[in-house]
Amino acid sequence: FNSFQGLTPYLPYKDGKLANGLGSKTMILPTGTIVITRRDWKDDVTRQAFYEAGTYWFLSGFKYSGPDWFKAGLAESFKTFLVTHHEIRVGMSPKPELLFLRNHDLMPLPQLFGTEMKDLAFRGDDRTKLFFSESWALVHYHLFGREHALSGGTRSPQLADFMEALQKGEEAEPAFRRVFGTDYGGMLQRLADYVSRGNYSIVSTKFDPSETSTRFQAAPE
């Protein structure tokens, strides 16, 4: 759409008010995923909207895609995916979310884990912002945090182990203690320290763009 005004009638509403202030809408269908968005956005905002939607689409292909905080955290982590010349970068911190976290108290983990996206206002309210920002922090901490990097270059399997425990029907709190070796309060303190530290790792790798262009081709529909 050429403008936000043209897109507005197609965005979701809740209680008679626009429920999504992001200026885009993602529809996951059996045959594919459709993203409708705005032409007047800056290129980096448009790119992030598509990578965020692509993460949700990817997760929808699994029999168990995890709770909403996990999906939101992955989407927030991978929406900053960036390709520059001969390099791919994954895991860059989203600046608005990080700034919001530094100016607000973190949500207790039982509350975060019990929140479902369908119940959020999505109108720029603090509860919605905190849910997505803190979900990012928790997932990013376990995927990219330096203390989780092992000597072999692999990442801590704790997050995957916790998702597997939930999929098997284990109670969340005892499974959390068993996998992470701490309780919700202890993890929240680690998360607060991670947010305030301001030092976040990313993953970068080189690639050959000429090889990629021959394998993946696109044309106007």
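Modeller: Here is a close look at one helix, then at the aromatic rings and a sheet. Keep in mind that this is a predicted model.

Start with helix α9, residues 184-197. It has 14 residues. From its first C-alpha to its last it reaches 20 Å, close to the 20 Å expected at 1.5 Å a residue. Which residues of α9 are buried? They are Tyr 184, Met 187, Leu 191, Tyr 194 and Val 195. Now look down the axis of α9. The buried residues fall within an arc of 95°, so they line one face of the helix. What do they pack against? Their partners are α4 (95-102), α5 (109-113), α6 (126-144) and α8 (172-180). After α9 comes Gly 198. The phi of Gly 198 is positive, near 75°.

Tyr 184 also leads us to the rings. It belongs to a cluster linked by ring pairs, together with Trp 69, Phe 70, Phe 113, Phe 162, Phe 176 and Phe 180. The whole structure holds 17 aromatic pairs. A pair of aromatic rings is described by the distance of the centres and the angle of the planes. Take Phe 162 and Phe 176. Their ring centres are 5.5 Å apart and their planes are at 85°, so this pair is edge-to-face. Phe 162 lies in helix α7 (residues 158-167) and Phe 176 in helix α8, so the pair ties together parts that are 14 residues apart in sequence. Both Phe 162 and Phe 176 are buried.

Phe 176 and Phe 180 both sit in helix α8. They are 4 residues apart, about one turn of the helix. Phe 180 is buried, as is Phe 176.

Last, the sheet. It is open and has 3 strands, in the order β5-β6-β7, with antiparallel pairing. β5 (82-84) and β7 (203-206) stand at the edges. Each has a single partner strand, so one side of each is left without a neighbour in the sheet. From one strand to the next, the twist averages 20°. Strand β6 (residues 87-90) pairs with β7 over 4 bridges, in the antiparallel sense. Which residue of β7 stands opposite Arg 89? That residue is Ser 204.

Key. Residues numbered from 1 in each chain as written. Predicted model: local features only at pLDDT ≥ 70, side-chain atom pairs only at ≥ 80, totals over all residues. Heavy atoms only, no water. Helix = DSSP H or I, 4+ residues; strand = E, 2+ residues; numbered from the N terminus. Expected span 1.5 Å × (residues − 1). Buried < 20%, exposed > 50% of the residue type's maximum accessible area, 1.4 Å probe, protein only. Arc of directions from axis to C-beta. Contact = heavy atoms within 4.5 Å. Phe/Tyr/Trp six-rings, centres within 6.5 Å; stacked < 30°, edge-to-face > 60°. Pairing = 2+ DSSP bridges. Axes fitted to C-alpha atoms, helices over the stretch in contact; angles between N-to-C directions.
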